[in-house]
Amino acid sequence: MEHAVQIEMLGIMVPIIFFIAISIVLCVYFYLRHRTSQSVQETVRTAIEQGQQLTPEILERLGQTPQRAKSENSDLRRGVILIAAGIGVAAIGALAGEDEGTVRLFLTLGFLPFMVGIAYLGLWRFDRSE
């Protein structure tokens, strides 16, 4: 009886923790974007106070976030990592799940990164053929 209650609690806690984790990641992302924007505004304000000329090119550079050059195999790398993560989550469910509901939950959670990984592999393949 107690084991069934623990499994039921796990079934409730996994989605809650999943959505909390997504919320935390989004909050951190938007907070860091806000800080970057504030830093750019502060830099422009300081330059104006010092009497420096601000050309459109400088303003455009300040507004852009640094872009890393996309490597030739970055989509392949992401795809393989996401497929492995999806298979890993599904395997955890298959190996650790004692009832059908838990196994189905982990298979469902593993399906999303697996399919996104397949999409990245497709992007990598089509990008190479051009």
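**Rings, the first helix and a pocket**

Reply: Start with Tyr29, which is partly exposed at a relative accessible area of 44%. Here buried means under 20% relative accessible area, exposed over 50% and partly exposed in between, with a 1.4 Å probe and protein chains only. Phe30 is partly exposed too, with 47% relative accessibility.

Keep in mind that this is a predicted model, where local features need pLDDT of at least 70 and side-chain atom pairs 80 or more, while totals for chains, interfaces and linings use all residues. Residues are numbered from 1 along each chain as its sequence is written, and side-chain values use heavy atoms, leaving out hydrogens and water.

Now the rings. Phe, Tyr and Trp rings (for Trp, the six-membered one) pair if their centres lie within 6.5 Å; planes under 30 degrees apart are stacked, over 60 edge-to-face, and the rest tilted. That rule gives two aromatic pairs. In one of them, Phe18 and Phe19 sit edge-to-face, at 5.4 Å centre to centre and with 70° between the planes. Phe18 is partly exposed at 37% relative accessible area, whereas Phe19, at 53%, counts as exposed. Tyr29 and Phe30 make an edge-to-face pair as well: their ring centres are 5.2 Å apart and the planes meet at 65°.

H1 has 48 residues and covers 69 Å from its first C-alpha to its last, close to the 70 Å expected at 1.5 Å a residue; the expected span is 1.5 Å times one less than the number of residues. Its buried residues are Val14, Val44 and Ala47. From the C-alpha of Val40 to that of Leu10, 30 residues away along the chain, it is 45 Å. Thr43, also in H1, is partly exposed with a relative accessible area of 40%. Just after H1, Gly51 has a positive phi of about 80°.

Phe18 turns up again in the lining of the second largest pocket, along with Ala85, Gly86, Val89, Phe106, Thr108, Leu109, Leu112 and Pro113. A pocket is an open set of points on a 1 Å grid over the protein atoms alone where a 1.4 Å probe fits, with protein on both sides within 12 Å along at least five of seven lines; lining residues have an atom within 4 Å of a point. The space in this one is about 190 Å³, a volume being what probe spheres set on the points fill, with points joined across faces, edges and corners. H3 (74-96) and H4 (100-129) each supply at least two lining residues, and H4 gives the most, with five. Gly86 is also one of the buried residues of H3.

Definitions and conventions. Helices (H or I, at least four residues) and strands (E, at least two) are DSSP runs, numbered from the N terminus.
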